[in-house]
Amino acid sequence: MKDKIFRILLFAAALAILFLSAGIIYALVNRSLEVFGEYGIWGFVANAEWDPRPVTEEYGAFSFIMGTFYTAFFSLLLCIPFALSVALLNGEYFRGSKLSSFVRSIVDLLAGIPSIVYGLWGFYTVRPIIIEMGINAQGFGIFLSSVVLAIMIIPYASSLSTEFLSMVPNKLKEGAYSLGATRLEVVRHINLPTAASGILASFILALGRALGETMAVTMLIGNTNKIPQGLRDTGNTMASVIANQFGEADGLKLSALIAIGLLLFIITALINLVAKMVMKKLARV
Amino acid sequence: MENINNISKENPVLQLKEVSVSYSPGSFAVNRVTADIYPNTITAIMGPSGCGKSTLLRAINRMHDLYPHIKTTGEIFLKGRNILAMDPMEVRRMAGMVFQQPNPFPTMSIYDNVLAGYTLNGIRLKKSEKEEIVAQSLQSVGLWGEVKDVMTKRGSFLSGGQQQRLCIARALALNPEVLLMDEPTSALDPISTNKIEELLLQLQKDFTIIIVTHNMSQAARISDKSMFMYLGELVEHGNTTQMFTKPRNKRTEEYLTGVFG
């Protein structure tokens with residue numbers, strides 16, 4: 001009898017989560033309809049114009065989609081060498097050692113720092129350096145937010161990569177050593193290829209994090225509503241434009257912001273789906 | 001000093017002198033083993049679990065160097081050179097090893113698996129050289145006919161017995177002085193086991209083989225010489241037929257007759 005009640009409770013909880021997710025999607029879609037009705041879905045997505053002035057009012061998401069992809073991919077690029085080094089250190093070279101658990105806890109700590117703290121640090125510490133380097137006058141922009149974002153996603157990329165690297169079977173490594181390979185050769189020809197799809201999946205997941213990261217980016221990107229002309233330029237990501245403008249939005253503008261949220265949700269979900277598929281493929285090998 | 005070039009059939013290809021291996025200070029998994037191994041022989045190392053037979057085998061190609069806490073002492077001469085004083089990478093190319101579990105590299109094709117010893121060491125070969133090595137190595141393990149049309153498939157595509165023969169081919173491709181086999185058939189079915197045993201008898205013409213085995217009848221079937229180890233010590237070493245019919249040591253006799261094991 002108790003068993004039955006427990007099962008019903010579990011079932012109810014699962015169902016509740018299902019309805020909740022469906023409810024969120026429904027709300028997003030419902031409130032986006034106004035802007036989609038005005039411009040059409042494609043007309044909204046492909047339009048780079050964002051003009052909230054009452055008379056010339058016009059809303060398009062394309063600038064923010066571009067801003068998002070610029071920051072996310074550049075930060076991913078910056079994070080790869082560091083995340084991969086940390087993963088190799090923890091998953092192969094110093095696996096199970098004190099150094100490894102120390103590095104691991106430091107990296108975990110990075111994951112635990114609130115976004116707003118990264119934003120503050122980026123604003124007061126990294127931005128002056130960027131100005132000093134002459135990248136741009138104000139410091140704000142794609143470059144600054146990507147640098148900070150890269151640091152924020154290192155833990156996500158490295159911890160999963162570490163798992164996949166440490167799962168490379170010892171018998172393969174010993175097989176390679178028995179043929180006279182050096183450690184570097186074993187890492188290059190055995191560890192990395194064997195863990196490749198797992199490492200790829202972890203970087204895709206990190207990309208997903210970078211796409212949706214809001215607070216720090218909003219503080220650092222410069223918040224201009226146009227397609228960024230390169231890494232030195234300012235811009236807005238999909239997340240940052242919502243964070244920046246939702247407070248004073250109503251009517252068509254609010255609908256446009258919610259539609260951007262819906263797009264971001266779809267893109268992130270797709271990215272996670274791809275990562276899961278890559279990992280599933282890995283599990284079958 | 002003996003001249004390396006003058007080694008004849010009579011000289012041992014491998015000499016173990018007072019070889020000890022310890023996993024922790026003060027305790028020895030292999031304790032002062034001395035033995036000579038002659039060219040073109042198959043030597044079976046037998047003994048109960050934990051007697052140190054695999055540990056001894058792995059000392060010969062310096063596998064223990066991968067684990068810093070394991071210490072190997074004594075002298076091991078391979079073709080007259082003390083391998084404990086050599087670069088371990090060079091030693092491992094001279095002493096090929098086949099493991100208990102077949103371990104073809106899953107990210108490489110069958111073709112690339114055979115050549116792995118060269119690619120892993122950064123040795124560049126011409127295409128014609130590659131093809132010759134692959135064909136020759138696969139022929140010598142009797143796998144050529146079975147795989148010559150599926151060369152680009154991954155090594156893990158083969159059956160367990162085929163995988164193990166691929167691993168033997170991979171070791172032979174480097175033309176080693178001695179082939180070390182650590183229970184190579186214990187993960188295989190009887191038919192595959194039989195094939196590997198026949199293969200070893202053929203390879204004996206060109207190679208010196210040391211095989212660790214749990215299986216006494218396997219030792220009796222294929223080996224010329226046998227070593228019986230117990231608690232890290234080499235108890236008896238001699239002709240296989242003699243050891244199986246008239247063991248000199250009481251412990252050997254007890255092991256072979258199944259009193260313990």
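This is a predicted model: local features need pLDDT of at least 70, side-chain atom pairs count only at pLDDT 80 or more; totals for chains, interfaces and linings use all residues.
1. Two strands count as paired if DSSP finds at least two bridges between them. In chain B, Val98(B) has Met181(B), a residue of β7(B), as its bridge partner. The strands concerned, β6(B) and β7 (residues 178-182) of chain B, run parallel and are joined by four bridges.

2. That pair belongs to an open sheet of six strands in chain B, ordered β6-β7-β8-β3-β9-β10, with mixed pairing. The edges are taken by β6 (95-98) and β10 (233-239) of chain B; each has a single partner strand, so one side of each has no neighbour in the sheet. On average, neighbouring strands of this sheet are turned by 20° against each other, direction ignored.

3. Chain B also has an open sheet of four strands, in the order β2-β1-β4-β5, and here the pairing is antiparallel. Its edge strands are β2 (30-37) and β5 (81-82) of chain B, each of which pairs on one side only. Five bridges connect β2(B) with strand β1 (residues 14-22) of chain B in the antiparallel sense. Within β2(B), Ala35(B) stands opposite Leu16(B).

4. Helix α1 (residues 53-60) of chain B lies across β1, β2 and β4 (71-78) of chain B, and its direction is at about 120° to β1(B).

5. Next, the nonpolar core. The largest one has 145 residues, and Ile153(A), Ala206(A) and Ile260(A) have the most contacts inside it. Helix α6 (residues 142-166) of chain A gives the largest share of this core, 16 residues. Domain 1 (2-51) and domain 2 (64-284) of chain A each contribute at least three residues to the core. In soluble globular proteins, nonpolar side chains tend to be buried together.

6. Which residues does Ile260(A) touch, leaving aside those up to four places away in sequence? They are Ala61(A), Phe64(A), Met238(A), Val241(A) and Ile242(A).

7. Last, the contact between the chains. Chain A puts 17 residues into the contact and chain B puts in 22 residues. On the side of chain A that touches chain B, α7 (170-177) and α8 (183-212) of chain A each supply at least two residues. The largest share of that side, six residues, comes from α7(A). By residue class, the side of chain A that touches chain B has eight nonpolar, six polar and three charged residues.

Note on methods. Residues are numbered from 1 along each chain as its sequence is written. Chains are lettered from A and ligands numbered from 1 in the order in which they are written. A nonpolar core is a set of buried Ala, Val, Leu, Ile, Met, Phe, Trp, Tyr and Cys residues joined through C-beta atoms within 7 Å. A residue is buried if 20 or more other C-beta atoms lie within 10 Å of its own, exposed if 12 or fewer, and partly exposed in between; C-beta atoms are placed from the backbone. Domain bounds come from an automatic or database domain assignment. Two residues are in contact if their C-beta atoms, placed from the backbone, lie within 7 Å. Axes are lines fitted to C-alpha atoms, for helices over the stretch in contact, and angles run from 0 to 180 degrees between N-to-C directions. Ala, Val, Leu, Ile, Met, Phe, Trp, Tyr, Cys and Pro count as nonpolar, Asp, Glu, Lys and Arg as charged, and the others, Gly among them, as polar.
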